[in-house]
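Hi,

Here is the structure I promised to pass on.

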Amino acid sequence: MTATIERRPVRATESRDEHSVGELVGQATEQVSRLVRQEVALAKVELAEKGRRAGRGGGMLGAAGAFAYAGLLGAAATGAAALALVLPVWAAALIITAVLFVIAGVLAVLGRGQLRKAVPATPERTLDSVKADVEEIKGRAHR
């Protein structure tokens, strides 16, 4: 049994649509480099935006806390004055102080729990974009 092999002529020059392996590797390197630079730029923009929002929010929360503290002092004085009508002044002040410390303790425990659940600031959109890029590159590499 004999087999015949079809031989194609080898082209001496490359056409415009064909590129050498070196050119393809160079293009891929340049594209990956550009992609990484773009992802880093996106992460910078995203983190700057989050930082500005956190700064404004923190300032507003600080101002709200200052006003709430002033209101709490007024409410504590009012409560102590009301209790002083039926109890000695020292007992009324002691009861109001104890209530304030209990509230502070509960808030401290709840705040500590929330801080433990907090995650570091991460650029989620950038991470998602990088993951998508990696998956796309893997998909194209396996073709």
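**How the helices pack**

Helix α1 passes helix α2 in a right-handed crossing (left-handed if the near helix is turned anticlockwise from the far one by less than a right angle, right-handed if clockwise). Two packed helices are described by the angle between their axes and the distance between those axes. Here α1 (residues 21–83) and α2 (residues 89–117) pack at about 140°, with axes 8 Å apart; the axes are lines fitted to C-alpha atoms over the stretch in contact, and angles run from 0 to 180 degrees between N-to-C directions. On the α1 side the contact (heavy atoms within 4.5 Å) uses L72, A76, G79, A80 and L83, while α2 brings A92, I95, I96 and L100. Sorted by type, these residues come to 8 nonpolar, 1 polar and no charged (Ala, Val, Leu, Ile, Met, Phe, Trp, Tyr, Cys and Pro count as nonpolar, Asp, Glu, Lys and Arg as charged, and the others, Gly among them, as polar).

Before you go further: this is a predicted model, in which local features need pLDDT of at least 70 and side-chain atom pairs count only at pLDDT 80 or more, while totals for chains, interfaces and linings use all residues. Residues are numbered from 1 along each chain as its sequence is written, and side-chain values use heavy atoms, with hydrogens and water left out.

As for the overall make-up, the protein chain has 3 helices and 0 strands, running α-α-α from the N terminus. (Helices are DSSP runs of H or I, at least four residues; strands are runs of E, at least two; both are numbered from the N terminus.) Of the 143 residues, 8% are buried, meaning under 20% relative accessible area with a 1.4 Å probe, counting protein chains only.

Back to α2: its buried residues are A91, A92 and I96, and they pack against α1. The length of α2 also checks out, because 29 residues at 1.5 Å a residue should span 42 Å and the end C-alpha atoms are 43 Å apart; the expected span is 1.5 Å times one less than the number of residues.

Is E39 buried or exposed? E39 is buried, because its relative accessible area is 10%. Leaving out residues up to four places away in sequence, E39 touches T126, S129, V130 and D133. E39 and R125 are 86 residues apart in sequence, yet 9.8 Å apart in space, C-alpha to C-alpha.

Cheers

Terms used: Buried < 20%, exposed > 50% of the residue type's maximum accessible area, 1.4 Å probe, protein only.
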